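Me: I would like to go through this structure with you, one topic at a time. Could we begin with how the chains meet?

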Amino acid sequence: MSIPTKELTEKQAFITYLLRLADDRLILGQRLSEWCGHAPELEEDLAMANIALDTIGHATALYKYVAEVENEGHDEDHYAFFRNDRDFTNLQLCELPKGDFGFTIARQFLFSSFSYFLYEQLKEAADEQFRGMINKHLKEIKYHLRHTREWVLRLGDGTEESHDRIQQSFDDLWMYTGEMFYMDEVDEIMIKNGNGADLSLFRDEWKKLVEDTLNEATLTVPDWDQFMMTGSRNGVHTEYLGHLLAQMQFMRRSYPDAEWK
Amino acid sequence: MSENSSNKNEWPLWEVFTQPKSGKPHQHAGSVHAVDAEMALQNARDVYARRNEGVNIWVVESKHITSSTPEDMGPFFDPANDKPYRHPQFYSVPRAVKKRS
């Protein structure tokens, strides 16, 4: 989904910006929910399901707002269930298979810490409804960060096996961290009208939090300058997103008029 | 308690106490498994505080709780039965005070 520069209005930029935020959260929530009934302990099972529901809730609120701004008669389900893979603008980081428990924790930690700094920037947004949403969700994100950070420390500084496995997870995830900080004209317009975050402002702070956590967990920080994946903000994805969408969307698409009674 | 557990791989048990409102006493909510205090706190939050049940949580490893035994029941509690003067129920309470409580 590439947008021709001259036609990019403020409204389009706002919609694209909200969709990027929402897609990250929906796709990651869907991935996390795969742990439901499979986490290593009952308590952790609940924690994972809680975080999954939180992130899907964040996405729902954002999609609802997109529907309102777009004003074309859609509801939030339209954006979740009736768009194809190239229309989704979530980070590739969010769509990768859940892997082992360490991989899920490593991914969630990287994402939640990024979200934390992002939402801290956005909480003063000019748009009242958007700002309200951000402030509400920020509280939950703080908890996700706390929960996953503790787990990174436990696994990294745990047994030899847990250390090796979460180290491997961070190594594998590293090339997907670059595009978290991708910015284009959508961000420029949003920053200008007071509703967007300048990601470069907190990149160093985020890196420091990640590095400090990994060091404390006796893990090695991978090379920041290695090859990084790109493209997700414009709809370019890994092979995994299509399969995820197939599973997530097939029911809704098979019975488009079905209703909860 | 955890040392006596039949399954040695099981995480230690923690008792959870939630405070429904600031100023109210903490009440026993249940128990969770966890490897450390921070995890116990987080698990307690996810299991017992997800529907607005409280404003504060205490966790304590179950093994640190000393409990009276069923055999203690007689000597501990029976003597109270025939001492009604320990209950301040013979005084009439002014209506204004009643209303407040």
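Reply: A definition comes first: buried area is the accessible area, taken with a 1.4 Å probe, that two parts lose on being put together, summed over both. Please also keep in mind that this is a predicted model.

Me: Fine. What is the area buried between chain A and chain B?

Reply: Chain A and chain B bury about 1400 Å² between them, and carbon and sulfur atoms give 48% of that area. On the side of chain A, the residues that lose the most area to chain B are A:Glu43, A:Tyr143 and A:Arg154, which together account for 41% of what that side buries.

Me: How many residues are in contact on each side?

Reply: Twelve residues of chain A are in contact with 14 residues of chain B.

Me: And how many salt bridges and polar contacts cross over?

Reply: Two salt bridges are found across the interface of chain A and chain B.

Me: Which helices of chain A supply the side that touches chain B?

Reply: Helices α2 (42-70) and α6 (128-156) of chain A each supply at least two residues of that side. The most comes from α6(A), with six residues.

Me: Which side chain meets B:Glu38 in a salt bridge?

Reply: The partner of B:Glu38 is A:Arg146, at 2.7 Å from N to O.

Me: Changing topic: how many salt bridges are there over all chains?

Reply: The whole structure has 17 salt bridges over all chains. One of the pairs within chain A is A:Asp184 with A:Arg20, whose closest N and O atoms are 2.8 Å apart. A:Asp184 lies in the loop between α7 (160-173) and α8 (185-192) of chain A and A:Arg20 in helix α1 (residues 10-33), so this pair ties together parts that are 164 residues apart in sequence.

Me: Is that pair buried or exposed?

Reply: A:Asp184 is buried, at a relative accessible area of 15%. A:Arg20 is buried as well, with 6% relative accessibility. Both values count as buried because the cut-off is under 20% relative accessible area.

Me: What else does A:Arg20 meet in a salt bridge?

Reply: The side chain of A:Arg20 also meets that of A:Asp187, at 3.4 Å from N to O. A:Asp187 belongs to helix α8 of chain A and A:Arg20 to helix α1, so the pair ties together parts that are 167 residues apart in sequence. A:Asp187 is buried, as is A:Arg20. A network of salt bridges therefore links A:Arg20, A:Asp184 and A:Asp187, a salt bridge being a side-chain nitrogen of Lys or Arg within 4 Å of a carboxyl oxygen of Asp or Glu.

Me: What about A:Lys123 and A:Glu120?

Reply: Their side chains form a salt bridge with an N to O distance of 3.0 Å. A:Lys123 is partly exposed at 27% relative accessibility, and A:Glu120 is partly exposed at 23%.

Me: On to the largest nonpolar core. Which residues touch the most other members?

Reply: The core has 90 residues, and those touching the most other members are A:Tyr17, A:Tyr63, A:Leu118, A:Phe130, A:Phe170 and A:Trp206. Leaving aside neighbours within four places in sequence, the contacts of A:Trp206 include A:Leu110, A:Phe114, A:Phe117, A:Met180, A:Phe181 and A:Trp224.

Me: Where is A:Leu145?

Reply: A:Leu145 is in helix α6 of chain A and is buried, with a relative accessible area of 11%. Its C-alpha atom is separated by 5.8 Å from that of A:Ser113, 32 residues apart along the chain. Beyond neighbours within four places in sequence, A:Leu145 is in contact with A:Phe109, A:Ser112, A:Ser113, A:Tyr116 and A:Leu209.

Me: Last one: where is A:His237, and what does its side chain join in a polar contact?

Reply: A:His237 sits in the loop between α9 (203-216) and α10 (240-254) of chain A, and it is buried at 18% relative accessibility. A polar contact of 2.8 Å joins its side chain to that of A:Glu95. A polar atom of the A:His237 side chain also lies 2.5 Å from the backbone oxygen of A:Phe88. Not counting residues up to four places away in sequence, A:His237 touches others too, among them A:Asp85, A:Thr89, A:Asn90, A:Gln92 and A:Ser232.

How values were computed. Residues are numbered from 1 along each chain as its sequence is written. Chains are lettered from A and ligands numbered from 1 in the order in which they are written. This is a predicted model: local features need pLDDT of at least 70, side-chain atom pairs count only at pLDDT 80 or more; totals for chains, interfaces and linings use all residues. Side-chain values use heavy atoms; hydrogens and water are left out. Contact means heavy atoms within 4.5 Å. Helices (H or I, at least four residues) and strands (E, at least two) are DSSP runs, numbered from the N terminus. Buried means under 20% relative accessible area, exposed over 50%, partly exposed in between (1.4 Å probe, protein chains only). A nonpolar core is a set of buried Ala, Val, Leu, Ile, Met, Phe, Trp, Tyr and Cys residues joined through side-chain atoms within 4.5 Å. A polar contact is a pair of N or O atoms within 3.5 Å; within protein, one must be able to donate a hydrogen and the other to accept it, and residues adjacent in sequence count only if both atoms are side-chain atoms.
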